[in-house]
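Thanks for coming. Please have a look at the sequence and the structure first.

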Amino acid sequence: MFNCIKKFFERKNSTTNIEEKYPMKKFLIVGLGNIGEKYEYTRHNIGFKVLDYFAKKEAITFETQKLGDIATYKLKGRTFILLKPNTYMNLSGKAILYWLTKEKITVENLLVITDDLNLPFGSIRVKSKGSDGGHNGLKDTQQKLNTTKYNRFRFGISDAFNKGKQVDYVLGEWTEEESSKLEERLDKAVELIKSFGLAGINNTMNNFNGK
């Protein structure tokens, strides 16, 4: 009887130790994009751009590690791990799965930032699940995680292109007019990321969708 009670408390203490060692207040924020100078200022790389802006605003730096560049930001007891995969867009899920596993972060605490042709420029849509919408980065993420239930932050790039020119448009650079409006939108994106960690996905959707 005594041994049974002892084992129960050992298991309970073990669980407590795990919770203390790997707190749930840790979040993986992933910006999707392609590595290399030729992609740096393209619409498709808005995920990278959002995280670069976040890092600059909060004076943190990225370090190249396995499968991507990583930066860590702490706010009110939360830890935000920012990831820019270096796997190219089509294999984004490989890096995401690796860092979720390495940092022992649940899928509920994952936020993936991507471009969206179906939204007007600068528009924001946050969802907790959904299809890949034909986006190769999301498609690979869904396959690697084996679920469509993960949080994504879609940044509108509009569909202002002629028929058959979608690839050129997505991999094209921002216009002068778009560039002049980007900073305000990037500020909003930084607020959104912080809200995700501090207030949760539901409050973030309510407060930022359509803004």
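Two strands count as paired here if DSSP finds at least two bridges between them. Strand 6 and strand 7, which covers residues 151–156, meet that with four bridges, and their pairing is antiparallel. One of the residue pairs is Lys127 with Arg152, its bridge partner in strand 7. Keep in mind that this is a predicted model.

What is the order of its seven strands? Reading across, the order is 2-3-4-1-5-7-6; the sheet is open and the pairing is mixed. Strand 2, residues 63–65, and strand 6, residues 124–127, are the edge strands; each has a single partner strand, so one side of each has no neighbour in the sheet. On average, neighbouring strands in this sheet are turned by 25 degrees against each other, with direction ignored.

Next, strand 5, residues 110–116. On one side, strand 1, residues 26–31, pairs with strand 5 in the parallel sense over four bridges. Within that pairing, Leu28 has Leu110 of strand 5 as its bridge partner. Strand 5 also runs parallel to strand 7, and six bridges join the two. There, Asp116 stands opposite Gly156 of strand 7.

Are the residues of strand 5 buried or exposed? Seven of its seven residues are buried, taking buried as under 20% relative accessible area. Both faces are covered. One side carries Leu110, Val112, Thr114 and Asp116, and the other carries Leu111, Ile113 and Asp115.

Now the helices. Two packed helices are described by the angle between their axes and the distance between the axes. For helix 3, residues 92–102, and helix 4, residues 136–145, the angle is about 45 degrees and the axes are 7 Å apart. That angle makes helix 3 oblique to helix 4. The crossing of the two is right-handed.

Which residues make the contact? From helix 3 they are Ser92, Gly93, Lys94, Ile96, Leu97 and Leu100. From helix 4 they are Gly137, Asp140, Thr141, Lys144 and Leu145. Sorted by class, the contact has four nonpolar, four polar and three charged residues.

Key:
Residues are numbered from 1 along each chain as its sequence is written. This is a predicted model: local features need pLDDT of at least 70, side-chain atom pairs count only at pLDDT 80 or more; totals for chains, interfaces and linings use all residues. Side-chain values use heavy atoms; hydrogens and water are left out. Axes are lines fitted to C-alpha atoms, for helices over the stretch in contact, and angles run from 0 to 180 degrees between N-to-C directions. Angles under 35 degrees count as roughly parallel, over 145 as roughly antiparallel, 65 to 115 as roughly perpendicular and the rest as oblique. A crossing is left-handed if the near helix is turned anticlockwise from the far one by less than a right angle, and right-handed if clockwise. Contact means heavy atoms within 4.5 Å. Ala, Val, Leu, Ile, Met, Phe, Trp, Tyr, Cys and Pro count as nonpolar, Asp, Glu, Lys and Arg as charged, and the others, Gly among them, as polar. Buried means under 20% relative accessible area, exposed over 50%, partly exposed in between (1.4 Å probe, protein chains only).
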